[in-house]
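Trainee: Could you walk me through how to read helix packing, salt bridges and burial in a model like this?

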Amino acid sequence: MTTETTPPTAAAYRNLVTATIGFTLTFWAWNLIAPIASWYGDRLALSSFQQSLLVAVPVLVGSVGRIPAGALTDRYGAKLMFPLVSALTIVPVLLLTVVKDSYGLLLVVGFLLGLGGTTFAIGIPLVNSWFPPAKRGLALGVFGMGMGGVALSGYFTPRIAEHGENLPFIVVAIALAVYAALAAFLITDRPDRPVPTASLATRLGSAARLRVTWELAALYAIGFGGIVAFGVYLPTYLKTWYELDPTDAGTKAAGFALVTVVFRPIGGWLSDRVHPALVTSAALGTVALLAIVQAFDPPLDPGGTTALLIMAAGLGTASGSVFALVSQVTPQSEVGSVTGIVGAMGGLGGFLPPLVMGTIYSAKGSYSIGFMLLSDLALAGCVYAYGRMRGLRRDGSEPDPEPAELTAGRP
């Protein structure tokens with residue numbers, strides 16, 4: 001059994017590397033439509049809303065799909081689920097080559113493409129089971145770097161498409177096929193991992209009844225949701241407010257994404273040394289402070305750039321530390337189910353802020369109110385993580401009260 005002092009085995013590192021590569025590839029597939037959405041828009045004469053819906057469908061499906069994916073991983077293991085989901089994702093990727101002239105069929109394929117976004121909930125319980133508690137934060141943070149697949153897609157997909165409109169889909173499909181074959185041999189479930197016997201509905205219901213599930217979901221919706229929100233809206237914000245050209249705005253947005261990817265394992269590493277609730281609190285507090293700075297519309301160089309990059313570091317750190325917290329306060333047999341719910345809320349949490357920012361700008365001609373709302377939300381998460389989450393036990397319950405508290409108020 002894994003203990004606090006047991007060093008990670010070679011199998012642990014093999015599973016971590018394999019899972020991280022798979023997470024990166026499937027997230028690239030998950031984000032195949034977004035980088036070339038304008039191409040579809042021109043080809044099919046789509047409105048701005050239709051383009052937004054086309055981009056949103058796979059993200060929303062991938063987020064919600066993490067809930068059953070995590071629960072199924074608890075039951076059947078990542079050795080089956082990771083290669084299976086990777087192989088199944090090939091189908092919608094290849095279908096993109098034949099439905100490009102039909103908006104309705106593109107939405108259907110986009111729905112299926114959401115499958116690629118579910119692998120997050122498969123990898124977390126796998127990595128969690130192989131690493132001892134003292135090393136889990138860093139390991140989970142390294143696995144979380146696979147979200148950089150979205151950035152890889154944003155950079156490479158349109159460039160590969162310049163050499164052939166179907167080429168990006170063929171390249172990703174081949175990569176997924178090779179990976180699925182290798183993962184079937186390289187990924188192994190820990191032999192002593194607890195295997196739940198209850199039904200899927202029962203296990204999801206059990207995870208949903210844990211108060212800590214929704215507390216972690218709220219914190220992750222702020223941290224990772226903030227990353228998703230900036231990923232979706234930052235280019236628009238930079239073009240609209242700072243009047244950057246699309247290429248420059250896209251480059252700066254990619255820099256923001258890179259910082260979040262780098263700081264995610266840092267958040268996990270810090271959580272191995274300091275309580276993850278404290279790391280989460282400090283990271284969200286930093287985001288709250290810098291969001292106030294950005295609300296006053298500083299010049300982009302250096303004030304705005306500095307504020308945005310420090311916010312990126314805070315959001316990336318919080319994303320890593322929240323899942324270090326998941327591993328501490330969730331029973332091992334329910335990590336997949338809880339991860340599915342928490343991961344789903346993180347993905348969904350990224351889509352309301354862009355709508356709010358756009359609405360506020362349309363009404364007021366300023367983004368300041370939106371950044372102040374972000375500051376308020378991050379501050380609330382900061383206070384809650386510090387005040388509530390520091391003393392939770394593995395089952396998500398409160399610590400036993402001190403003797404003095406037991407007798408307080410008695411005559």
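Predicted model: local features only at pLDDT ≥ 70, side-chain atom pairs only at ≥ 80, totals over all residues.

Trainee: Let's start with helix pairs. At roughly what angle do the axes of helix α5 and helix α10 cross?

Mentor: The general idea is to look at the axes before the side chains. Here helix α5 (residues 78-95) and helix α10 (residues 167-186) have axes that cross at roughly 165° and come within 9 Å. That makes α5 roughly antiparallel to α10, because angles over 145 degrees are put in that class. The crossing of α5 past α10 is left-handed.

Trainee: Which residues make the contact between α5 and α10?

Mentor: On the α5 side, they are Lys-79, Phe-82, Pro-83, Ser-86, Ala-87, Thr-89, Ile-90, Val-93 and Leu-94. From α10 come Phe-169, Val-172, Ala-173, Leu-176, Ala-177, Tyr-179, Ala-180, Ala-183, Ala-184 and Phe-185. Sorted by class, the residues of this contact are 16 nonpolar, 2 polar and 1 charged.

Trainee: And α5 with α6: what do their axes do?

Mentor: They come within 9 Å, crossing at roughly 155°. α5 and α6 are therefore roughly antiparallel to each other, and their crossing is left-handed. Pro-92, Val-93 and Leu-95 of α5 meet Val-109, Leu-112 and Leu-113 of α6. The class count for this contact is 6 nonpolar, no polar and no charged residues. Notice Val-93, which is listed in the contact of α5 with α10 and again in the contact with α6.

Trainee: On to charges. How many salt bridges does a search of the whole structure find?

Mentor: The search of the whole structure gives 6 salt bridges. One of them joins Asp-101 and Arg-43, with 2.7 Å from N to O. Asp-101 sits in the loop between α5 and α6 (103-113) and Arg-43 in helix α2 (residues 37-44), so this pair ties together parts 58 residues apart in sequence.

Trainee: With which residue does Glu-165 form a salt bridge?

Mentor: Its partner is Lys-100, and the closest N and O atoms are 3.6 Å apart. This is a link between distant parts of the chain: Glu-165 is in the loop between α9 (148-161) and α10, Lys-100 is in the loop between α5 and α6, and they are 65 residues apart. Glu-165 is partly exposed at 35% relative accessibility, whereas Lys-100 is buried with a relative accessible area of 12%. Now put the two pairs together: Arg-43, Lys-100, Asp-101 and Glu-165 are linked in a network of salt bridges.

Trainee: What about Glu-215: which residue is on the other end of its salt bridge?

Mentor: That would be Arg-388, with the closest N and O atoms 2.5 Å apart. Glu-215 belongs to helix α12 (residues 211-241) and Arg-388 to helix α18 (residues 368-388), so the bridge ties together parts that are 173 residues apart in sequence. Glu-215 is buried, with a relative accessible area of 6%, and Arg-388 is buried too, with 11%.

Trainee: Let me try another. Where does Ser-271 lie?

Mentor: Look in helix α13 (residues 246-273). Ser-271 is buried, with a relative accessible area of 6%. Not counting residues up to four places away in sequence, Ser-271 touches Pro-276, Val-279, Ser-321, Ala-324 and Gln-328.

How values were computed
Residues numbered from 1 in each chain as written. Heavy atoms only, no water. Axes fitted to C-alpha atoms, helices over the stretch in contact; angles between N-to-C directions. Helix = DSSP H or I, 4+ residues; strand = E, 2+ residues; numbered from the N terminus. Parallel < 35°, antiparallel > 145°, perpendicular 65-115°, else oblique. Left-handed = near helix turned anticlockwise from the far one by under 90°. Contact = heavy atoms within 4.5 Å. Nonpolar A, V, L, I, M, F, W, Y, C, P; charged D, E, K, R; others polar. Salt bridge = Lys/Arg side-chain N within 4 Å of Asp/Glu carboxyl O. Buried < 20%, exposed > 50% of the residue type's maximum accessible area, 1.4 Å probe, protein only.
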